[in-house]
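This briefing is meant for a reader who is meeting the structure for the first time. Please look through the sequence and the model shown here before turning to the points that follow.

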Amino acid sequence: MNNYALSKVTPTTMAAFGGISTLVTVLGGVFLAGENIYYYHYIGFALILFRMISVSVLDIHKSRKQA
């Protein structure tokens, strides 16, 4: 799947979206295994989402300047 993703998007964008696996894993543990979620999980979620959004926005701005 990584090779296919690299053929469609830039490596920086793919790396930014790599945090989705962390989000899915933690949420799976909360909902499926009944684990607790703490404040630092929310902080980590926010940082991962911020990174994904900021890299995507920067990539869009960069591609518009080149066009």
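Which residues in α3 meet which residues in α4? In this predicted model, I20, T22, L23, V26 and L27 on the α3 side meet H41, F45, I48, L49 and M52 on the α4 side. Of the residues that form this contact, 8 are nonpolar and 2 are polar, while no charged residue takes part.

**How α3 and α4 pack**

- Helix α3 covers residues 20-33 and helix α4 covers residues 39-66, and the two pack with their axes 10 Å apart at an angle of about 155°.
- Because angles over 145 degrees count as roughly antiparallel, α3 and α4 are therefore described as roughly antiparallel to each other.
- The crossing in which α3 passes α4 is left-handed.

**The chain as a whole**

- The chain contains 4 helices and 0 strands, and its elements, when read along the sequence, follow the pattern α-α-α-α.
- For 67 residues the globule rule gives 11 Å, whereas the radius of gyration of the chain is 15 Å, well over that value, so the chain is more spread out than a compact globule.
- The C-alpha trace of the chain spans about 50 × 25 × 10 Å when it is taken along its principal axes.
- Of the 67 residues in the chain, 15% are buried.

**The residue N2**

- N2 lies in helix α1, which covers residues 2-8.
- The relative accessibility of N2 is 53%, and because exposed means over 50%, N2 counts as exposed.
- N2 and I37 are 35 residues apart along the chain, and a distance of 29 Å separates their C-alpha atoms.

Conventions: Residues numbered from 1 in each chain as written. Predicted model: local features only at pLDDT ≥ 70, side-chain atom pairs only at ≥ 80, totals over all residues. Heavy atoms only, no water. Axes fitted to C-alpha atoms, helices over the stretch in contact; angles between N-to-C directions. Parallel < 35°, antiparallel > 145°, perpendicular 65-115°, else oblique. Left-handed = near helix turned anticlockwise from the far one by under 90°. Contact = heavy atoms within 4.5 Å. Nonpolar A, V, L, I, M, F, W, Y, C, P; charged D, E, K, R; others polar. Rg over C-alpha atoms; globule rule 2.2 N^0.38 Å. Buried < 20%, exposed > 50% of the residue type's maximum accessible area, 1.4 Å probe, protein only.
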